[in-house]
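I opened my notebook to record a few local features. Entries follow in the order I looked them up.

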Amino acid sequence: QTSDEARESAEKTHFFNVPAFLTVSGQLHLEVMAGAFTHVFTFGPTFRAENSQSRRHLAEFYMVEAELSFTESLQDIMQVMEDLFKTATNTVLSKCPRDVELFHKYIAPAQKVINVTGKSCNPFMHFEGSSFFFFSCRISYNEAVEILKQASQTFTFKPEWGCDLQTEHEKYLVKHCGEVPVFVINYPYDLKPFYMRDNDEDGPQHTVAAVDLLVPGIGELCGGSLREERLPYLESRLQRYLDLRKFGSVPHGGFGMGFERYLQCLLGVDNIKDVIPFPRFSHSCLL
């Protein structure tokens with residue numbers, strides 16, 4: 001049997017006739033659809049083979065992902081992130097006030113979002129009537145590293161330019177900025193995936209147009225970027241991604257928000273495994 005025959009025989013054993021895998025994101029499908037419909041989103045299960053036993057990681061979780069065409073500004077992406085958070089939170093607080101109050105009374109009284117008088121007990125949410133205003137801080141990755149370097153706190157992972165922000169760093173940045181959500185923008189080029197848009201900077205601090213939203217108690221809630229739509233920039237990074245650009249593209253960007261982390265943030269639940277009915281994580285897939 002030749003190698004070609006062996007490969008064909010193996011492929012016939014696949015359900016789809018080709019190898020298929022669980023997805024870590026619906027982003028690439030959204031990029032295709034955004035070319036036709038401009039603003040698109042998806043909400044569904046995603047899978048990460050991350051060998052972590054932390055209180056904020058799962059192997060299977062749900063994610064809201066959005067993609068916007070005709071944008072060349074991270075500000076547009078951050079505005080949609082903020083609007084999503086505000087709209088979802090307003091809806092939950094107006095339609096399920098007793099459920100939220102139950103959590104704040106018995107599960108996480110110290111992280112209460114709204115008290116019985118209707119006034120905010122959380123510094124990044126100010127309520128007026130049935131709505132709230134969202135206070136946030138915006139800093140660059142460069143500024144974040146400098147803040148961490150000047151901190152009196154001793155970190156397990158030393159903050160250095162070019163290193164990824166760890167959970168301890170994210171939580172410190174939120175605390176430093178007054179316990180409000182923090183947008184961190186323009187991460188190092190070598191830290192981020194191939195599809196993020198190059199900022200075209202000269203010098204050693206080469207960055208991409210990426211943004212993470214850090215929130216109190218959790219750390220990273222959303223992550224997004226402008227996408228690299230320029231074919232020549234992608235040719236040296238990943239050949240198979242080029243089919244989405246080969247026949248033309250437009251400036252676009254998007255982000256994803258982990259739904260379970262959002263519930264942790266809203267309800268004050270410390271462990272992500274307590275906000276999903278059947279938590280699956282490394283070394284545990286009982287149901």
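I began with F259, which is partly exposed because its relative accessible area is 30% (buried means under 20%, exposed over 50%, partly exposed in between, with a 1.4 Å probe and protein chains only). I noted that the model is predicted, that local features need pLDDT of at least 70 and side-chain atom pairs pLDDT 80 or more, and that totals for chains, interfaces and linings use all residues. Residues are numbered from 1 along each chain as its sequence is written, and side-chain values use heavy atoms, leaving out hydrogens and water.

I placed F259 in helix α8, residues 259–267 (helices are DSSP runs of H or I with at least four residues, strands runs of E with at least two, numbered from the N terminus).

Next I looked up how α8 meets helix α3, residues 74–95: their axes come within 12 Å and cross at roughly 60 degrees (axes are lines fitted to C-alpha atoms, for helices over the stretch in contact, and angles run from 0 to 180 degrees between N-to-C directions). The two helices are therefore oblique to each other (under 35 degrees is roughly parallel, over 145 roughly antiparallel, 65 to 115 roughly perpendicular, the rest oblique).

Then I checked backbone angles. Most residues other than glycine have a negative phi. F70 is not a glycine, yet has a positive phi of about 60 degrees. I found F70 in the loop between β2 (60–69) and α3. F70 is exposed, because its relative accessible area is 60%.

E179, also not a glycine, has a positive phi of about 55 degrees. E179 sits in the loop between α6 (167–176) and β6 (182–188), and counts as partly exposed at 33% relative accessibility.
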